[in-house]
Structure formats: structure tokens, C-alpha cells
Amino acid sequence: MLLQVKDVTKIYKRAGLEFKAVDSADFVVDSSEFAIINGQSGSGKSTLLAIIAGLLFPESGKVFFEDVDITQLNDRQLSRLRNEKIGFIPQGHCLLDNFTVIDNVCLPYYLKKLNGDPYKVAIQLLERIGIAHLANQYPVQLSGGELRRAAIARGLINSPKLIIADEPTSDLDPINSANIMTLFEEIARSGSAVLVVTHEFQKPIGCNKHLTMENGRIRNKI
Ligand SMILES: Nc1ncnc2c1ncn2[C@@H]1O[C@H](COP(=O)(O)OP(=O)(O)O)[C@@H](O)[C@H]1O
Ligand SMILES: [Mg+2]
């Protein structure tokens, strides 16, 4: 099993009151699977993804990646795992403003400290998502939807085993949204696992696991 989320609970405090932002989440995503979690704003999706990416620690529960409990890893081990095996596409603007689009996309590759030239792969990815013409622009010159697509390319540059994407289509028009979902579908078919969380309640096409999240709780739809 590639990813196993086991009885994960995350507690936040608001106005002195505790509540479960993630409540006993329990599900798996295996290689070649394309999973979508639908849930309204505030249902706990981003918190859950941050836990899976090892950026937040749960109060209880475990997250296994390739049978290793990532909640037990130190910072260094987590950074390495994220860089090499997990492509995290966060919600919102997450590019470095003083790097060009292509350099932002290549950055995870350089951090991996491998020899080789990621430019060709980066350009191919940018072409695939329709922003190759913006390769040498800076983030400030891009629209919200273009920034989103550049962040997606950056998440894919190291061919991660698991892609986790937080509202990846939220700034996109229907055609570009469909293109990104088709790309995720292809990536899953070629052997990686894809986990998308979104508040968009469109009938997910191409995913083979459909879950919902409500008040921190995950339910199986299929
Ligand atoms: N750092 C925080 N401290 C307290 N409450 C938080 C924090 N982050 C998020 N929340 C709350 O936790 C709930 C889940 O948030 P989030 O995971 O961002 O939901 P979603 O991504 O589904 O919109 C929301 O009610 C949000 O207000
Ligand atoms: Mg969110």
C-alpha cells in the first residue's frame, strides 16, 4: 500500500473551544489510483493534506507512506520524502517570486541534487498544461490560473510516486480544469497515485476512488 491514513485526528482550538478539524480519517490510496475527496470549505481538506505531506502533526493516528509511519520521521527525513516521492501542490500562490516560471518548476529537481538537465522535462510539462510560452516570465506576470498550472508542473517535475493536490482546479476555466484532471488520470494510469481534494462538486470523471469530507470526517462514495 502506498499511502495509508489510519484513524487520524487533528484538533484545533477556536475561541477557547476545541474542535476536530480532521476526525478519525481512515482511508488508503494505492499506486495507480486517482482519488478525489470532495468537501465544502472548512471541512478539513487542507489540514488533512498538510498532515499527509508531513507539514502538520495529528493529535492521534498514523500516516504510512510505503509502510513507514511518517509521523515518526524527523524534519530532514520529511523534507527528503516530500522532495523525492511526494508532489505536493498546495492551495494558493506558492511560487518563488524572484524565480522565473521554469526555474520554479525545476527547483525540486535541483534540490534533489541529481546530475542532469530538468529543462526539457519542465518544458514538456509546461506545454502539456498550456503555459510553455510563459516559461521565462516571473510569477507576478501570471494570472491566478497560470500560477496554479505552474505549481502543478512544479509538483510533477520529480515524477513523484504520490501527487497530492489541494484545489488544483479552483482558479481554472472548464477547459483547463478538464485538461488538468485528464493529466492526473494519465499519471495515475502510468503508476503513480494521485489524491485531489476539492470543494467543487462536479461529478469526478476518471477517478477510481471518490470520497467525501464533512466536518473532518471522511466517507466513501464509491
Ligand atoms: N491553524 C488553525 N487554527 C485553528 N483553526 C484552523 C486552523 N487552520 C484551519 N482551521 C479551521 O479548521 C477547519 C478546517 O480547515 P481547512 O482544513 O482549511 O478546511 P478546507 O481546506 O476543507 O477548507 C476550518 O474550520 C478552519 O477554520
Ligand atoms: Mg482548503
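Two strands pair if DSSP finds at least two bridges between them. Helices (H or I, at least four residues) and strands (E, at least two) are DSSP runs, numbered from the N terminus. The legends below describe a predicted model, in which local features need pLDDT of at least 70, side-chain atom pairs count only at pLDDT 80 or more, and totals for chains, interfaces and linings use all residues. Residues are numbered from 1 along each chain as its sequence is written, chains are lettered from A and ligands numbered from 1 in the order in which they are written, and side-chain values use heavy atoms, with hydrogens and water left out.

**View 1. Strands β4 and β5 in an open sheet.** Strand β4 (residues 60–65) pairs with β5 in the antiparallel sense, over two bridges. Phe64 has Asp69 in β5 as its bridge partner. The open sheet has four strands in the order β2-β1-β4-β5, with antiparallel pairing. Its edge strands, β2 (17–29) and β5 (68–69), each pair on one side only.

**View 2. Strand β9 and its partners.** Strand β3 (residues 34–38) runs parallel to β9 and is joined to it by four bridges; here Ala35 stands opposite Lys209. Strand β10 (residues 217–220) runs antiparallel to β9, also with four bridges, and Thr212 stands opposite Arg219. Two residues lie between the strands of the β9 and β10 hairpin, where Asn215 takes a positive phi near 50°.

**View 3. The magnesium ion (ligand 2).** Ser46 (OG) and Gln91 (OE1) coordinate the magnesium ion at 2.1 to 2.5 Å. Donors are N, O and S atoms within 2.8 Å of the metal (3.2 Å for Na, K and Ca); water is not among the atoms, so sites may look incomplete. Ser46 lies in helix α1 (residues 45–52) and Gln91 in the loop between β6 (86–89) and α3 (101–111), so the pair ties together parts that are 45 residues apart in sequence. Ser46, at 30% relative accessibility, counts as partly exposed, and so does Gln91 at 43%.

**View 4. The largest nonpolar core.** This core (buried Ala, Val, Leu, Ile, Met, Phe, Trp, Tyr and Cys residues joined through side-chain atoms within 4.5 Å) has 37 residues, and those with the most contacts inside it are Phe34, Leu126, Phe184 and Val194. Leaving aside neighbours within four places in sequence, Val194 is in contact (heavy atoms within 4.5 Å) with residues including Phe34, Ile163 and Phe184.

Definitions and conventions:
Buried < 20%, exposed > 50% of the residue type's maximum accessible area, 1.4 Å probe, protein only.
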